[in-house]
Amino acid sequence: MSNTTPFPRIRIRPGRIIRTLLLAFFGPALCAISLSAQPGFPLVRRFQHTYGDAATKEYSEHAPSDGVAKCSHPLEYTRGGGYIMIGDNSDYGSSKILTVRATLTGSQIGPARTYVAGSFGTQGTDIHATADGGYAILGNRDAFGTVSSASLPGEILVIKTDGNGNVAWRKQYGSGTCREQAYSITQTKDGGYMVAGYVECPTGGITGVGDLLLIKLNANGSVAWYKAYNDFQWNYVANSVQQTSDGGYVVAGKIDKYNGGTQGFIMKVKGDGTFQWLRDFGGSSTNDAFYSVAIAADGGYVATGNLGADIYAVKVLSGGTFSWAKSYAGTSGTLDIGYDVKRNGENVVIAGMANNSKAFLMRLHSDGTIDFSKAYAPPGATSVARSVVIAEQGYAISGDVSTGNSDFYLVKTDADGDSYCNTENLTLNVTTQGDGAWIGMSTPSHSLPASDDVTPAAIGLGEAQLCYKQEYPVYRDASLNDGPYNHTFTNGGTGSNGNPTKSDPVPEPAVLSGHAWTTESVWVRDAQDNALISRTNGSLYEHELVNETPRFELGTNYIYAFITNHSDQATDPGTLNVYWSVASTNLAWPMHWNNYTSDNGPVLGDIAGTTQIPSIAPGESYVAEIPWTTPDPVAYGGTTPPISLLARYESETDRMTFAEGSNTEDNAINNNNIVWRNVVIVSPDDMTGGPTGGTKNIVIRNTQAQSAAADLSLSIPVEEADINPLFTQGNIRVDPGTTLYQQWVNAGRPGQNVEDNLDGTIRITGDDAKIGITLAANSEATIGIRFENTGGLLPFDEYYHYDVTQANGIGGVTFELQFPAEEPQGGEQPKTVTPERGESEGIAGGMLAAHPNPATSATVIGYHVPVATQASITIYDMSGNLVRTLVAGREVPAGTYNVQWDGADATGTLVGSGIYIYRLQTPLGILNRRLTIVR
């Protein structure tokens, strides 16, 4: 009997080299588990890296007019995280498209890849992470072995690869007589691609001048439509294209007016390429251009480039109406250029080159005023940033760095733009600029292309780490009045061979969530199926939780632990030990975890199993499996008690750095290679007196040599304070047992938000309830808690948590109450399928999860369908109003998919802080999950 619910993908806590150790949780009547992600403070990494070969030159692009090379973060951390950069290596005439992948710490993943079309010179101009886990690579090639002359024929290359860079298909687009070049590619909502650039024919061709070029491709690379745009006067080059919320496209680039100067432009077209409007900006005789455009929070557009020798940024509204224009000047007489712009909540960030010599990053408020501006360059080197992405707790920029030769350059900063080394504050003088002009465009016809072979090759590149630091803000339970705290990881020393030492440089503590006993990524299965893990690039996306209840009659169940190395060096082999204990509010180490019995009764804690963990490469993950013979239910009155797991990792070079004591919570908080979870699952049957209903028992203890308070605190987690508490729709009853109940009555019924039921039980009447209990020296007692849902469903939520802690205890227990989801009110909503107990959910094995959750900006929604079907992904507010459709009834094969929500509604406006519902709907049924947005 099982019920399938999704398990959110959780980025696991760091260890020396960040290993993630995890815990498990389950109860006697457990049919399914689905944990809500606990609010936490993700790891902050800061570094500078270079990648290059002394024999060649690695450029992230050749010239500003040729667009911008991109540093792209694949689907916002959905595949283990990391970066990919594109450009070319060597010099003109023999260049090849070059891609380099790196982990979240900047370490190179595998060899670099080159791509060349026959004997032609090739240049990589853009790369886009695709929804299927691969990449779309954009480049240009030239039949004469050069990409420098606009008068010679050239073709556009689009190469589709998988996540490891292997070619799935490749296409060349060109007439053979004209020169087609492209500088921007983006995946469209229908799974195809949009390519932007220019076309010029030296013998009159289309119009006699260079035309702005847009090519709409289908998912297989075939041409859906091709359009060239011109006003029959000037040369147009498109450097950047983005799809807009209405299905159209916004394009930015430059206009060469052959009068000694150029101007930047922003253009809008419909989804079929129909021209709507174009605005040009800049002086009449200066060299001005735009190289990137982003969709702003209000649905307008922000473009960046240069106005003469200054950085230039322009904002227009969605209809093209002028909003503001500003220039930003560095040191007088130097060249400053903005190469890339990305939306960052209500703000935008711009990366480029400042003062002729340094990569820069600046964040602008919605009105164009500067929030911060920073510059980056190693000592004695010049640098330039070609691209910026919004990365974990900060930003990543990529470009070039040169000390005589040119190498790829990757910089990771925190949210304030600090990269830990070689960073300085950049002073920019801001000048308000004027409006631009409207220009009308025609769309001449043109014909394309043919397929072509592209040969990939792996090459070696050296990697230099200029600096590296990671910080881990730590949060402890607010009741401890302790936290958050910042802890840092810095480069260790070097041994006699010059290699980094392995002396466990990561400081403790490393706790993500509000409680030390609640982490997510360990699970139990009654079959050896690896938890049906869906993996991409070695990372955990989500796993299906079926038959999570340990089944004694099978003899062996399986514990799975997901471990990730987020550091910049490989881990050493080590040992993972997993211990079990009866769920309790007071678990001391090692007493209650190691062959523990009480009063000659049944075993209440013991080791569950041991396994060896191999070396794990930087950025990679490992799933450990431990066979486990579960406790005999006969020893516990016929039912297996709720059980907690404690996972502990140790190797020769990664010992416990905190002086361990008996306090399990302190040990877990202060050693990043210990994790723990203590959760009891409560099903709907448990709350309605069904066949598996009954009181859930936990153990409270006094381990002191004298009697002491063991007062119980019962409360709703802070992050769930917005939903209706159970005690307003039902009952929470606490059964302390006959002896403790009578003692409580005799003491005057001490407590808060509690009431005597006069039947030996205590009823909870409000949040933050307290029950005054005293235990004798060295004693323990079993406390029963009964949840009764008499008032109906909780509003649009499937999970509800309730924390129980004990005065002078070590840890606590979380009860996870599972409710069928209630439909939001308002609008026409299909009926949610509520499964019968013991049957698969109506979605028939579907899974749904979002990460990060809570989210401050974008989040990635992952969904799985077990059979080919039609799927929709939609976002609703808590009133039931449709906020956004992300996937509209798309036919998908069986498999796992990812779609990003940028936190905006259908108009492109960012939604406010609050709780939203994301929904997977197929003909088989519906799954709803809750997502918290925190601005």
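**Close-up 1. Leu 758 lies in the loop between β54 (754–756) and β55 (762–764).** Strands such as these are DSSP runs of E covering at least two residues, numbered from the N terminus. The model shown is predicted, so that local features need pLDDT of at least 70 and side-chain atom pairs count only at pLDDT 80 or more, while totals for chains, interfaces and linings use all residues. Residues are numbered from 1 along each chain as its sequence is written, and side-chain values use heavy atoms, with hydrogens and water left out. Although Leu 758 is not a glycine, its phi is positive, at about 65 degrees. With 68% relative accessibility, Leu 758 counts as exposed, a term that stands for over 50% relative accessible area, whereas buried stands for under 20% and partly exposed for values in between (1.4 Å probe, protein chains only).

**Close-up 2. Tyr 420 sits in the loop between β30 (406–414) and β31 (423–425).** Tyr 420, a residue other than glycine, has a positive phi, near 85 degrees. The relative accessible area of Tyr 420 is 33%, and this residue is therefore partly exposed.

**Close-up 3. A cis peptide bond runs from Trp 589 to Pro 590.** The omega of this bond is near -5 degrees, and Pro 590 has its place in the loop between β42 (574–582) and β43 (596–597).

**Close-up 4. Thr 99 belongs to strand β6 (residues 96–102).** Thr 99 counts as buried because its relative accessibility is 5%. When its neighbours within four places in sequence are left aside, Thr 99 is in contact (heavy atoms within 4.5 Å) with Ile 84, Met 85, Ile 86, Ala 112, Arg 113, Tyr 115, Ile 127 and Ile 137.

Notes: Helix = DSSP H or I, 4+ residues; strand = E, 2+ residues; numbered from the N terminus.
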